[in-house]
Amino acid sequence: SDSPFAIEAKSGNVTVLSPSLLDYDDGKKEYTLTVVAMDRGDPQLSSEAKVVVSLLDVNDNPPIITNAEQPITKLLRENAKTNRVVATVTASDKDSGSNKEIKFSISGGNGERKFEINSTSGDVSLVQSLDYETTKSYELTVLA
């Protein structure tokens, strides 16, 4: 059968054949197993029971930043207004429920604290004035 479960004949213990066969995010979320118990009498008698196995999601998928291989490039004038969104980073996660929630942070390139990121929306804002003569460019690293 295609079941990812095995039932031990003598004890009736239900075990998972391989954890890789169970993936909440890509597969079935619930399995119904029919367990049949038979005696060795004559006539042979049996009864059956249904066992329902429900899977719970685990945080097994990392968030993926959209187009992470291509940097987001923005040109800003040194007199650009502060407290305005200058870029937005987006990401997705194949997990479910709270495991799917993504938090963004700037992990590099922001030593002067010129930029902030909204941890839930991914909006990057300029929060301090820029000075071209001091720093000509910024390269921020964002984590999701």
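1. The radius of gyration of the protein chain in this predicted model is 27 Å, whereas a compact globule of 144 residues would have a value near 15 Å. The extents of the C-alpha trace along its principal axes, about 95 × 20 × 20 Å, should be read together with that figure.

2. As to secondary structure, the protein chain holds 11 strands and 0 helices, and the order of elements from the N terminus on is accordingly β-β-β-β-β-β-β-β-β-β-β. Of the contacts in the protein chain with a separation of 6 or more, 53% are between residues 24 or more positions apart.

3. Buried residues account for 19% of the 144 residues in the protein chain.

4. Strand E10 (residues 123–126) pairs in the antiparallel sense with strand E6 (residues 84–88), over 4 bridges, and within this pairing aspartate 123 of E10 is the bridge partner of threonine 88. E10 also pairs in the antiparallel sense with strand E9 (residues 115–117), here over 3 bridges, and valine 124 of E10 is the bridge partner of isoleucine 117. The hairpin of E9 and E10 has 5 residues between the strands, and in that hairpin glycine 122 takes a positive phi near 80°.

5. The aromatic pairs come to 2 in number. In one of them, phenylalanine 5 and tyrosine 31 are arranged edge-to-face, with 5.2 Å from centre to centre and 75° between the planes. This pair links distant parts of the chain, given that phenylalanine 5 belongs to strand E1 (residues 5–7) and tyrosine 31 to strand E3 (residues 30–38), 26 residues apart. Phenylalanine 5 and tyrosine 31 are both buried.

6. The pair of phenylalanine 115 and tyrosine 138 is likewise described as edge-to-face, because the ring centres lie 5.4 Å apart and the planes stand at 70°. Since phenylalanine 115 lies in strand E9 and tyrosine 138 in the loop between E10 and E11, the pair ties together parts that are 23 residues apart in sequence. As for burial, phenylalanine 115 has 7% relative accessibility and therefore counts as buried, while tyrosine 138, at 26% relative accessibility, counts as partly exposed.

7. Threonine 135 is placed in the loop between E10 and strand E11 (141–143). Its relative accessibility is 16%, so threonine 135 counts as buried, the cut-off for that class being under 20%. The side chain of threonine 135 is joined to the side chain of glutamate 112 by a polar contact of 3.2 Å.

8. Aspartate 57 has its place in the loop between strand E4 (46–54) and strand E5 (64–65). Leaving aside residues up to four places away in sequence, aspartate 57 touches Tyr24, Asp25, Asp95, Ser96 and Asn99. A separation of 8.9 Å is found between the C-alpha atoms of aspartate 57 and lysine 29, which are 28 residues apart along the chain.

Key:
Residues numbered from 1 in each chain as written. Heavy atoms only, no water. Pairing = 2+ DSSP bridges. Helix = DSSP H or I, 4+ residues; strand = E, 2+ residues; numbered from the N terminus. Buried < 20%, exposed > 50% of the residue type's maximum accessible area, 1.4 Å probe, protein only. Polar contact = N/O pair within 3.5 Å; in protein donor to acceptor, adjacent residues only side chain to side chain. Rg over C-alpha atoms; globule rule 2.2 N^0.38 Å. Contact = heavy atoms within 4.5 Å. Phe/Tyr/Trp six-rings, centres within 6.5 Å; stacked < 30°, edge-to-face > 60°.
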